[in-house]
Amino acid sequence: MRFQRIVQLVLFGCFIFLLWRATYPLPGWVPVDLFVRLDPFVSVSTMIAARTWIGAPAWGFAVLGVSLVVGRFFCGYVCPLGSTIDFSDRFICRPAGRAFRNAGPSQLKSCRWKYLVLVALLCAAVLGVSYTFLLSPLALVTRSYVLVVYPVLLQLGRLGLALTDALSALPGFGWLRYAQIDQVHFGTAFLSMLLFLGILLLGRIQSRFWCRTICPAGALMALFSRRPLLRRNVDAKCTQCGLCIRKCPMGAIKEDPTVTAHGECIVCLKCRDLCPEGAIDFSRPSKPEKSVSLDLGRRRVLAAGASGIAAGLLAIVELDSVHGESSIRIDRRSTLIRPPGAVPEEEFVRRCIGCGECMKVCPTNTLQPVLLEAGVDGLWSPKTHARYAGCEQGCNLCGQVCPTGAIRFLSLEEKKYAKIGSAYIDRSRCIAWEEDRKCLICDEICPYDAIVMRGVRANTNSVPYVNESRCNGCGYCEQKCPVLGNAAIRVSPHGEVRLSSGSYQSHARTYGLVFHAEEGMKEEFVPDEMPEEKQDKGGRSLPPGFIID
């Protein structure tokens with residue numbers, strides 16, 4: 001047991017270290033998303049939903065291969081969610097006499113629910129709908145530490161710096177005046193916290209309740225660990241004292257101490273260390289042993305599969321709302337600005353597991369988690385929040401840390417041509433257009449020279465126009481717009497370029513897009529004096545990208 005705790009602590013420290021190092025510059029010797037890649041459920045479900053081979057998460061198949069030899073070791077040693085649950089169970093679990101209850105038939109039957117969860121999620125993935133983000137242990141724990149724990153630690157650090165102001169006046173501590181910790185903010189953090197705490201509080205029911213009953217990754221590894229090469233063996237010295245049964249944190253030992261449900265055993269070695277007779281070891285079995293059958297029931301499996309298919313169908317249903325004589329087709333996903341290099345939306349939501357790695361690594365904090373704007377299957381996927389911050393032109397980190405290829409890795413030169421949207425001007429809010437006052441901020445801040453100032457008859461001052469063939473959609477104009485509330489210039493996904501493969505630069509040349517200030521100056525953009533705007537039935541201006549049938 002002590003050995004397990006030491007290894008668990010070391011690997012959990014590695015997980016926290018890699019999460020902390022998910023910032024500029026990235027370490028070149030190890031991928032910071034290593035632990036997410038090791039989740040076999042991410043490997044299987046994402047590839048089924050995306051209907052293609054994905055290289056990075058294929059490491060999870062190696063974990064399944066090792067499970068054939070040593071059993072469900074990943075849950076007991078590697079998984080950071082399991083380590084977090086083990087730690088929290090020390091404080092949350094009921095007294096030992098009740099928390100580690102006998103592994104009777106009812107407990108062993110409760111373990112089968114995770115297999116049914118696995119069946120439901122894989123059936124949804126067959127339809128191309130990925131719910132991996134919801135129950136994958138590595139995606140869940142990574143997202144929880146990024147969206148919940150990380151901002152809290154930063155805030156505590158800022159408070160600590162505030163308390164050291166008095167020390168900065170002392171000799172040798174002047175550097176404290178210049179110490180700074182930037183605070184980050186993430187949407188849906190409260191929802192993520194509730195889900196994370198809910199998983200930990202399940203320990204009030206029984207130890208490692210999540211791992212026993214719900215975790216689909218645990219179910220997948222359990223299927224490969226039913227008869228591992230190295231497993232728990234009990235020799236003739238056993239006196240049937242039942243101590244191992246009462247203390248097993250996974251309830252893997254049945255009423256008979258010599259019988260083990262190897263698919264539930266996480267090789268924690270606690271039973272071996274506690275055995276007063278030294279009758280337990282973990283090695284190759286020397287004689288045939290009784291096996292614990294896995295009886296899920298045909299009806300339960302069919303019901304789980306039907307539930308997964310129903311959940312998948314609900315996620316892909318399109319809703320049309322009809323207003324009088326004309327109908328407006330509303331696609332919630334069409335209003336989202338995805339990160340540069342994001343694959344086309346349908347493929348994106350199939351691949352994205354909502355792990356939060358891209359949000360952690362983003363230097364400007366512009367990447368924010370989505371709630372329901374992208375539908376249920378797009379929950380916790382990333383979007384750019386241009387009003388909060390622009391997308392840094394010299395950064396391509398999000399594509400480097402995405403474990404499933406939902407965001408492609410692009411060189412900095414290629415990234416310039418990954419158009420994520422187009423800016424448009426809301427003239428009713430623009431200082432130059434509406435108030436006829438001089439304002440040049442959006443023109444001056446644009447790194448692509450996509451905004452030009454021109455005079456019109458109705459205004460004495462020049463007003464801004466956007467040349468969409470030069471606009472990359474980076475959002476700096478929206479961030480810096482001085483108008484309070486919604487900016488007068490905003491980015492919409494109109495004109496976005498999202499490629500599953502191929503060169504963005506070649507695509508830009510084909511369609512005459514120019515995303516470089518010096519190149520852009522070679523062409524003269526002459527806008528119409530009063531360009532025509534789309535309007536709804538009530539005469540209100542509509543941003544680009546709305547489709548009116």
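The model is predicted, so local features need pLDDT of at least 70, side-chain atom pairs count only at pLDDT 80 or more, and totals for chains, interfaces and linings use all residues. Residues are numbered from 1 along each chain as its sequence is written, and side-chain values use heavy atoms, with hydrogens and water left out.

**Exercise 1. Helix packing**

Describe how helix H4 and helix H14 cross, and find the residues that meet there.

*Step 1.* Locate the elements: H4 covers residues 59–70 and H14 covers residues 216–224. Helices (H or I, at least four residues) and strands (E, at least two) are DSSP runs, numbered from the N terminus.

*Step 2.* Take the axes, which are lines fitted to C-alpha atoms, for helices over the stretch in contact; angles run from 0 to 180 degrees between N-to-C directions. The two axes come within 8 Å and cross at roughly 45°.

*Step 3.* Classify the angle. Under 35 degrees counts as roughly parallel, over 145 as roughly antiparallel, 65 to 115 as roughly perpendicular and the rest as oblique. H4 and H14 are therefore oblique to each other.

*Step 4.* List the contacts (heavy atoms within 4.5 Å). From H4, Val-63, Leu-64, Ser-67 and Leu-68 meet Leu-220, Met-221 and Phe-224 of H14. These residues divide into 6 nonpolar, 1 polar and no charged. Here Ala, Val, Leu, Ile, Met, Phe, Trp, Tyr, Cys and Pro count as nonpolar, Asp, Glu, Lys and Arg as charged, and the others, Gly among them, as polar.

**Exercise 2. A serine in H4**

Decide whether Ser-67 is buried or exposed, and name its contacts beyond its sequence neighbours.

*Step 1.* Buried means under 20% relative accessible area, exposed over 50%, and partly exposed in between (1.4 Å probe, protein chains only). Ser-67 counts as buried because its relative accessibility is 0%.

*Step 2.* Set aside neighbours within four places in sequence: Ser-67 is then in contact with Phe-73, Met-221, Phe-224, Ser-225 and Pro-228.

**Exercise 3. Aromatic rings around Tyr-145**

Work out how Tyr-145 pairs with Phe-12 and with Phe-196.

*Step 1.* Apply the rule: rings of Phe, Tyr and Trp (its six-membered ring) pair if their centres lie within 6.5 Å; planes under 30 degrees apart count as stacked, over 60 as edge-to-face and the rest as tilted. By this rule the count comes to 13 aromatic pairs.

*Step 2.* Phe-12 and Tyr-145 are edge-to-face, at 6.0 Å centre to centre with 65° between the planes. This pair joins helix H1 (residues 2–20) to helix H11 (residues 137–163), across 133 residues.

*Step 3.* Tyr-145 and Phe-196 are edge-to-face too, at 5.8 Å and 65°. Phe-196 sits in helix H12 (residues 189–201), 51 residues from Tyr-145. Both Tyr-145 and Phe-196 are buried.

**Exercise 4. Backbone exceptions**

Find a cis peptide bond and two residues other than glycine with positive phi.

*Step 1.* Recall that most residues other than glycine have a negative phi, and most peptide bonds are trans.

*Step 2.* The bond from Tyr-24 to Pro-25 is cis, with omega near -10°. Pro-25 lies in the loop between H1 and helix H2 (34–37).

*Step 3.* Gln-240 has phi near 60° and is partly exposed, at 47% relative accessibility.

*Step 4.* Trp-380 has phi near 70°; its place is the loop between strand S5 (367–369) and strand S6 (382–384). Trp-380 is buried, with a relative accessible area of 3%.
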